[in-house]
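The tour moves from stop to stop, with something to pick at each one.

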Amino acid sequence: VPFDSLNLALVGRDDPAAVQRNLALLLDDFAPGAVLADMEQVYGHAVVVAGGARQKCDAVVTDRADVVLMVRVADCVPVLLADPTAGVLGAAHAGRQGLVEDVVGACVDRMRTLGAERIQAWVGPHICGACYEVPEELRREVADQEPTSLSTTSWGTPALDIGAGVRAQ
């Protein structure tokens with residue numbers, strides 16, 4: 001059964017009410033009383049400060065301790081950022097276009113406006129460079145922006161290593 005787990009996806013055929021219940025279960029277990037700040041991810045570099053309704057963006061930041069940031073990915077690169085001393089957090093969704101537009105850098109810049117100085121980052125699971133096959137022209141376009149993203153699949157075709165590009169940025 002495809003929806004017999006704690007599905008948190010915003011897309012697909014699962015009952016939206018079930019997804020909302022799942023989000024409430026997650027928050028109740030992980031951070032009782034906290035407010036969820038997540039995104040309608042759009043594969044770009046827009047960054048918003050958490051608060052209010054879900055917004056179209058690819059990064060969200062906060063300086064509030066009662067806010068939980070969420071990023072959803074499949075193949076893209078999730079990046080969580082924090083300055084524990086300043087109490088500033090960020091979450092970014094870095095896909096191919098987010099890499100080209102440096103969404104993580106934009107997130108860091110926005111965090112700095114909230115007082116962040118010493119930012120730590122955690123890069124989550126994502127597609128590997130040996131698996132993400134792309135046309136040669138696209139590989140060149142992305143690698144022109146971030147050379148460390150240049151890759152080749154394990155079967156010898158053009159590829160991108162989005163994770164390597166994000167870590168380099």
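Start by selecting Arg-72: it counts as buried, because its relative accessibility is 16% and the cut-off for buried is under 20%. Bear in mind that this is a predicted model.

**Stop 1: Arg-72 and its partner**

The side chains of Arg-72 and Asp-38 form a salt bridge, 2.7 Å from N to O. This pair ties together distant parts of the chain, 34 residues apart. Arg-72 sits in the loop between strand S6 (67-69) and strand S7 (77-83). Asp-38 sits in the loop between S1 and S2. Is Asp-38 buried or exposed? Asp-38 counts as buried, at 9% relative accessibility.

**Stop 2**

Keep Asp-38 and select Arg-54. Their side chains also meet in a salt bridge, 2.9 Å from N to O. Again the pair links distant parts of the chain, here 16 residues apart. Asp-38 lies between strand S1 (35-37) and strand S2 (39-41), while Arg-54 is in the loop between strand S3 (47-49) and strand S4 (55-57). Arg-54 is partly exposed, with a relative accessible area of 36%.

**Stop 3: helix H4**

Now go to residues 136-145, which make up helix H4. Select Glu-136 and Arg-139. Which interaction joins the side chains of Glu-136 and Arg-139? They meet in a salt bridge, 2.7 Å from N to O. Both residues lie in H4, 3 residues apart, which is about one turn of the helix. Glu-136 counts as partly exposed, at 29% relative accessibility. Arg-139 is buried, with a relative accessible area of 14%. The structure holds 5 salt bridges.

**Stop 4: Cys-107**

Select Cys-107, in helix H3 (residues 103-113). Its relative accessible area is 0%, so Cys-107 is buried. Show the residues around it. Which residues does Cys-107 contact, leaving aside its neighbours within four places in sequence? They are Val-47, Ala-59, Val-60, Val-61, Leu-81, Gly-90 and Ala-91. Pick Ala-59 from that set and draw a distance between C-alpha atoms. Cys-107 and Ala-59 are 48 residues apart along the chain, yet their C-alpha atoms are separated by 6.1 Å.

**Stop 5: the whole chain**

Zoom out and colour by secondary structure. The chain has 5 helices and 11 strands. Its radius of gyration is 17 Å, close to the 15 Å that the globule rule gives for 169 residues, so the chain is as compact as a globular protein of that length. Turn the model along its principal axes: the C-alpha atoms fill a box of roughly 50 × 45 × 20 Å.

Next, colour by accessibility. Of the 169 residues, 43% count as buried.

Then show the contacts. Among those with a separation of 6 or more, 53% come from residues 24 or more positions apart.

Finish with the charges. How many positive and negative charges does the chain have? There are 13 positive and 23 negative, and their mean positions are 1 Å apart.

Note on methods:
Residues are numbered from 1 along each chain as its sequence is written. This is a predicted model: local features need pLDDT of at least 70, side-chain atom pairs count only at pLDDT 80 or more; totals for chains, interfaces and linings use all residues. Side-chain values use heavy atoms; hydrogens and water are left out. Helices (H or I, at least four residues) and strands (E, at least two) are DSSP runs, numbered from the N terminus. The radius of gyration is taken over C-alpha atoms; the globule rule is 2.2 Å times the number of residues to the power 0.38. Buried means under 20% relative accessible area, exposed over 50%, partly exposed in between (1.4 Å probe, protein chains only). Contact means heavy atoms within 4.5 Å. Lys and Arg count as positive and Asp and Glu as negative; His and the chain ends are not counted. The place of a charge is taken as NZ of Lys, CZ of Arg, CG of Asp or CD of Glu. A salt bridge is a side-chain nitrogen of Lys or Arg within 4 Å of a carboxyl oxygen of Asp or Glu.
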